[in-house]
Amino acid sequence: MVFKRLMQAMGVGGPSVDTVLANPNCRPGGQLEGRIQVVGGDHPVDVSYLALGLVTRVEVESSDSEYDTNQEFGRQQVTGAFRLEPGQRHEVPFRFPVPWETPLTDLYGQHLHGMTMGLRTELEVARAVDKGDLDPVAVHPLPAQERVLEALLRLGFRFARADVERGHIYGVRQSLPFYQEIEFHSAPQYARALNQLEVTFVTDPRQVQVVLEMDKRGGLFTEGRDAFGRFTVDHATATPDLTTHLDTLIRQSLSHRGLFS
């Protein structure tokens, strides 16, 4: 009996959890739907709760180190406490709201290199938390974000990679403790002044704030410098000639810092 109780305390023979998504594809501000299937183990347990959370890989920089960590966000508790008997099956449907600032993982049917995103299910029994495996999730751009990306492609920029960085962008209202940077190789017409372009979307229900960082790496006898640009795109309003707008903004930002003439 003592051995059996010890094994139970260690979680042996406990419940199993499986999350099934109806569709792993979503957009910021949308939702993921599915069901959580819980099957009782060898002994009865009191489940404290079931919860869901989106998880992405975040780059953290400090004064003396840099490392990657998994960051959970958009957390939602799906159930309260319930009793689970041995072998009993318990199924819980859910609708999980995807935060508006959720980073993108897929563009035009292709996975964005450098991005990881998953939905994690968490179950607590007797104050012991079981964080299950990640169910992969694909986050696609909203129409307003697509318009910006398409304009950059028309200007000749090419996708490179993306990452998520912990922190806040100065002067921009954020709800999440991190932001995504989508990196592009420079278009030919800016190549002398620009090595790469980084795009950040900070989205809310009304609009998308677009932040551009234009990186000019220093040469052997020159100092590298960054130029910045910022504008907004409404979800409901079609932006006329966004390609021309972006071209003008990039040229002005580079010229203002003496990187382009």
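The model is predicted, so local features need pLDDT of at least 70 and side-chain atom pairs count only at pLDDT 80 or more, while totals for chains, interfaces and linings use all residues. Residues are numbered from 1 along each chain as its sequence is written, and side-chain values use heavy atoms, with hydrogens and water left out. Helices (H or I, at least four residues) and strands (E, at least two) are DSSP runs, numbered from the N terminus.

**Helix α2**

Helix α2 covers residues 143–155, 13 residues in total, and reaches 18 Å from its first C-alpha to its last. This is close to the 18 Å expected at 1.5 Å a residue, where the expected span is 1.5 Å times one less than the number of residues. Its buried residues are A144, Q145, V148, L149, A151, L152 and L155. They lie on the same side of α2, because they cover an arc of only 155° around the axis; the arc is that of the directions from the helix axis to the C-beta atoms. Buried means under 20% relative accessible area, exposed over 50%, and partly exposed in between (1.4 Å probe, protein chains only). After α2 comes G156, with a positive phi near 105°.

**Strands and their pairing**

An open sheet is formed by three strands in the order β1-β3-β7, with antiparallel pairing. Strands β1 (16–21) and β7 (89–97) stand at the edges with a single partner strand each, so one side of each is left without a neighbour in the sheet. Two strands pair if DSSP finds at least two bridges between them. The table lists two antiparallel pairs.

| Pair | Bridges | Residues standing opposite |
|---|---|---|
| β1 and β3 (residues 31–39) | six bridges | S16 and V39 |
| β14 (residues 178–185) and β15 (residues 196–203) | four bridges | F184 and L197 |

In β15, eight of its eight residues are buried. In a regular strand the side chains alternate between the two faces of the sheet. Both faces of β15 are covered: Q196, E198, T200 and V202 are buried on one side, and L197, V199, F201 and T203 on the other.

**Residue R120**

R120 is placed in strand β10 (residues 117–125). With a relative accessible area of 17%, R120 is buried. Leaving aside neighbours within four places in sequence, R120 is in contact (heavy atoms within 4.5 Å) with A51, L52, G53, V55, E72, K131, G132, D133 and L134.
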